[in-house]
Amino acid sequence: MMAAMKEWVTDGVRATGWVGWATLLAYYGPRGLPKMYLKKHLRRYARRLLFLDPMVTIDIIDSNSSMYGQPNIVVEEAMAYITKACSRDVLEFSAKGTGVQGRSLLLSLGEGQEVSDHFEGVTVWWLLVPRGSSSGESRLRLMFPQRHRALILDEYLPHVRRQGRQDMLGTIDIIDTSSPTNRIGDEFNPNYAFKEVNAYVTKLCSRDALDLRAEGTVHDDSFLLSLRNGGAVADRFRDVTVWWWLSLSEPTTNDNSKQKILRLMFPQRHRALILEEYLPHVRRTGREDLFISIDIISKPAFIPGDDDAYKEVKAYLSSACSGDALDLRAESVVKDDRFLLSLRDGEEVSDRFRDVTLRWLSVPLPSTKKSNDDRGCLRLMFPKQHRVLILDEYLPHVRQQGRNLISRNRRQGLYTNKQKSTGYRGDMEWSRIIDFEHPATFDTLAMCPTKKRKIMEDLDSFRGNEGYYRRIGKPWKRGYLLFGPPGTGKSTMIAAMGNYLNYDIYDMELTSVSNNSNLRNLLTKITSKSIIVIEDIDCCFEDFNGQRMNNQGMIISSGYKGKEKVTMSGLLNFIDGVWSAQSGERIIVLTTNFPDKLDAALTRSGRMDMHIEMSYCCFESFKTLARNYLGIGAHPMFQRVEELLQVVEITPADVAECLLIKADVPAAGFDRGVEACLRRLIDELDKKAQEKEAAAKPKRQRRR
Ligand SMILES: Nc1ncnc2c1ncn2[C@@H]1O[C@H](COP(=O)(O)OP(=O)(O)OP(=O)(O)O)[C@@H](O)[C@H]1O
């Protein structure tokens, strides 16, 4: 009571002072000012001073800042009401926290600021009491004449709350709960709602936000814009304006990281619209604009196997995209001494596939306990609407291209089986003899062109066609049986195949493998992309007496009956069994000079997929050899060669021998060298023709 008296007295003194000021202002001040002054201050203070109509005051305390810790919704409602209903005659507002100046919905009363309101002919006043005068709490004070007490309490205040509730700003926080550094870790938990909303807001940003951040470069050198911390952007949906505001949370977790929060602010009265229509719309639209990211992580060194999508993607990027990346790493030396370029951590490149732009980013992996485990991660980012295209077509394309590049760039090896230095006697292992650098190719191979093309097509349909083999349930392997007289190019064909496919060559010396178990061990060690070669397969197996014959039917080794040995069925079963259980592509090539001597189990269909006859030199084969050895495609002497080749059988090896320019050929010039070689070949062919004629004569005479 004493305090109230004291306040009235103070008010009275203040009012008396105001009376003086008012008189002066009425005389000297601008027109209309006295009226406003009388209305807003003098009348109220005068009434209170004269005890005619004492003012009732009601303080609504914002207990957000009080000891109760519960948000006082009444303050919020009243504030929203005042902002909307009474803002016309207020000159100063404070913009609450958002940084979007001038947006009326976000304005609120400044401390000490007072506004009037009218309700059914009654004027009331609202005052935001300065914090200093009310023990740090935020108070909203309503003042009204005593005689309208019932009206104010029973009707005005419920009306304020009702209206305010509708004008209040609802807020929804969407928090990025994924790792703030966005690195890959065990707890990586992509928050799709946040990502989608963020994508939507990012798109909005390009329209009317002011404080932006350029987040990353995209293919066409433009920026991907996003909100800066504290920045806000407005959006309109069905004539309702809402705001998105980006902030960072206080560091909460023990790694001191902050979380991104996207706060949606909207008029409470549109709550249903926002929740039921706007937010689903935001997520849907954002999802369409969202970049999906796929991480392709390299396998740790301790996990065996040569299938590594990471390596394939890296190889692909090295050729397809290194064009526009700046920070590169020369990863490994390849076949022809070029470098295999790859992205340095944090570096990104773009790629285009069927008019879709994608981005690849090299992401640092968090350090692992195995610090020397040099692993990497390549992140693919693409617009979500292209999900099917990317997953079903682009990624397989990338892997296939990468695989081809790796195989093209790697150094092929030539392996042979040898006795293990440790372990049991008879245990064998593969030893890399040299890099396989045989110059033979299908171009230099002398063979009928149609036949050659057929073989190449067969190899093409085998290579990189894992999906097909998987679909038909067949192991990814292929067998070729090469047969023909010595010197017709069987070994040359294998070298050409190896070079064409870029496969390693495993030259198996089957006769030195003591038993089937060793054979199986060797076969399991053969890696993908290899050709296993077993030459002269007809001489590799002992007969039922434990004897092995050479080509001419002579015994070349003699064992004893019942001794453990490698058998044809063992070899074939292992090739079927072991290779069926292994992934990767493998080819087996068997050669023989005597196809008739081969076991039917070997030649049956499904075992050796293609039987290739390497035959004597025809004119087409000769032309290939002439091009290889002499560098000529035509010559007057070719006609004679053609005639002779029609009647004489000569192996390509013999033709090659004749065409080799030797030291004894006069160094008088290239033409004479060529002529000398062709002459030598014709002489050889003539000789063979005469021999043939001579051999045919006695037969004819005998017949007569
Ligand atoms: N078809 C061919 N095309 C090109 N060169 C060939 C061809 N055939 C043979 N040659 C040449 O002859 C040499 C011997 O040929 P190759 O060793 O390939 O014959 P092969 O059929 O494997 O003989 P063998 O049955 O005795 O092993 C090769 O180095 C090559 O120079």
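I began with Lys529, which sits in the loop between helix 12 (516-524) and strand 23 (530-534). For my own reference, helices (H or I, at least four residues) and strands (E, at least two) are DSSP runs, numbered from the N terminus. I noted that this is a predicted model, where local features need pLDDT of at least 70, side-chain atom pairs count only at pLDDT 80 or more, and totals for chains, interfaces and linings use all residues. Residues are numbered from 1 along each chain as its sequence is written, and side-chain values use heavy atoms, leaving out hydrogens and water.

I looked up the backbone of Lys529 and found phi near 55°, a positive value in a residue other than glycine. Most residues other than glycine have a negative phi.

Is Lys529 buried or exposed? I found Lys529 buried, with a relative accessible area of 14%. Buried means under 20% relative accessible area, exposed over 50%, and partly exposed in between (1.4 Å probe, protein chains only).

Next I turned to Asp355, in the loop between strand 16 (348-353) and strand 17 (356-363). Asp355 also has a positive phi, near 70°. Asp355 is exposed, with a relative accessible area of 68%.

Then I stepped back to the chain. I counted 18 helices and 27 strands. Of the 704 residues, 43% are buried. Among contacts (heavy atoms within 4.5 Å) between residues at least 6 apart in sequence, 62% join residues at least 24 apart.
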